[in-house]
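Please open the structure in a viewer and keep the sequence beside it.

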Amino acid sequence: MRLQEQNMGRGACSVEGDSWTRWLHATRSIEFEGLMDHVPLTAEAIALELGSGDGYQLDLLRERFSHVFAIDPELAPHHASGFAFAVAEALPFPDRRFDLIVSNCVLEHLGDRHRGLEEMVRILRPGGYMEHVVPSRFWKFASLLLNPLGYPLRVAEKWWMLRQGVPGKQKSVSHEAQSARRPGLLQVIGRWIWPPIHGTYDSHLSEFASYGRERWVEFFAHPQLVIEAHVPLIFGTQFGFLRFRFIHLRRWLARHGLSSSHAIVLRKR
């Protein structure tokens with residue numbers, strides 16, 4: 001593992017999988033560090049992750065807290081203790097159950113974001129914390145601007161990894177589901193010409209507008225929630241250019257308006 005990968009941050013960096021997976025995990029570590037800097041909770045706190053995916057951030061939570069639960073609508077982590085297949089709009093937990101709720105790039109994919117927020121408020125105890133990593137307008141703009149170059153490079157990288165048999169992200173999903181998600185040639189060309197909308201928005205324009213800082217603050221304006229912090233995290237794009245390089249510069253650029261994601265920390269009254 002290169003020195004740049006070893007020094008990504010205080011969080012762990014995965015040494016398994018392809019370069020893209022390691023980079024994704026490295027950025028998750030940086031984002032997790034940004035979240036946890038604003039959480040005054042002990043190791044005995046009860047935490048919930050929304051959208052655990054391949055389980056990397058879930059492992060980071062388990063290193064910090066003794067009681068950690070997770071949900072995901074499709075993917076089960078390898079260590080499935082405390083896991084349930086569920087969506088944020090219908091959380092299978094009793095009222096005031098958790099001290100901490102965490103998500104990373106999940107809210108923009110919810111079918112009913114306001115319903116999901118109400119469910120989170122319901123299961124969070126008074127004085128508990130809610131932390132969400134959300135994309136920024138810069139990330140959306142850069143994704144569209146760089147798609148003509150970044151998308152074919154990413155497709156070529158995936159093709160090369162398949163040919164070489166390099167393992168990618170480890171996900172507990174059936175072979176049938178993987179095949180169903182694999183796009184055909186026409187889909188690949190179509191996504192190159194006109195990239196798909198990232199989340200559950202009506203258009204690229206509405207998605208770009210919704211990713212603004214003021215729009216996220218407006219979304220979280222709930223009578224039972226107080227915004228404790230709004231933290232820019234790291235400069236980057238969805239294509240992973242110059243992976244593991246210029247980390248200090250990426251953090252500096254994020255603090256000066258070019259953050260690809262923000263950590264929003266809230267406390268329940």
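Glutamate 119 is buried, with a relative accessible area of 6%; buried means under 20%, exposed over 50% and partly exposed in between, with a 1.4 Å probe and protein chains only. This is a predicted model, in which local features need pLDDT of at least 70 and side-chain atom pairs count only at pLDDT 80 or more, while totals for chains, interfaces and linings use all residues. Residues are numbered from 1 along each chain as its sequence is written, and side-chain values use heavy atoms, with hydrogens and water left out.

Arginine 115 forms a salt bridge with glutamate 119, with the closest N and O atoms 3.7 Å apart; the term denotes a side-chain nitrogen of Lys or Arg within 4 Å of a carboxyl oxygen of Asp or Glu. The two residues are four apart in helix α4, and are therefore separated by about one helical turn. Helices (H or I, at least four residues) and strands (E, at least two) are DSSP runs numbered from the N terminus. Arginine 115 is partly exposed, at 43%.

Next, select aspartate 95 and arginine 122, whose closest N and O atoms are 2.8 Å apart in another salt bridge. Aspartate 95 lies in the loop between β3 and β4 and arginine 122 in helix α4, so this pair ties together parts 27 residues apart in sequence. Aspartate 95 is exposed, with 52% relative accessible area, whereas arginine 122 is partly exposed at 24%. Asp95, Arg115, Glu119 and Arg122 are linked in a network of salt bridges.

**From helix α5 to helix α9**

Select arginine 137 and glutamate 214, whose side chains meet in a salt bridge (2.8 Å, N to O). Arginine 137 belongs to helix α5 and glutamate 214 to helix α9, so the pair joins parts that are 77 residues apart in sequence. The count for the structure comes to eleven salt bridges.

**The nonpolar cores**

Which residues have the most contacts inside the largest nonpolar core? They are Leu50, Ile101, Leu107, Met120, Met130, Trp216 and Phe220, in a core of 29 residues. Such a core is a set of buried Ala, Val, Leu, Ile, Met, Phe, Trp, Tyr and Cys residues joined through side-chain atoms within 4.5 Å. Elements that each supply at least two residues include β1 (46-50), β5 (124-135) and β7 (261-268). Helix α4 gives the most, with four residues. A second, separate core of 25 residues includes Phe83, Leu233, Ala263 and Val265.

**Aromatic pairs**

Select phenylalanine 69 and phenylalanine 93, an edge-to-face pair at 6.4 Å centre to centre with 70 degrees between the planes. Rings of Phe, Tyr and Trp (its six-membered ring) pair if their centres lie within 6.5 Å; planes under 30 degrees apart count as stacked, over 60 as edge-to-face and the rest as tilted. Phenylalanine 69 is partly exposed at 23%, while phenylalanine 93 is buried at 13%. Then select Tyr201, Tyr211, Trp216, Phe219 and Phe220, which ring pairs link into a cluster.

**The loop between β6 and α10**

Finish with leucine 242, in the loop between β6 (225-232) and α10 (247-258), and phenylalanine 244, in the loop between β6 and α10. Phi is near 55 degrees for leucine 242, a positive value in a residue other than glycine, and near 65 degrees for phenylalanine 244. Leucine 242 is exposed at 53%, whereas phenylalanine 244 is buried at 1%.
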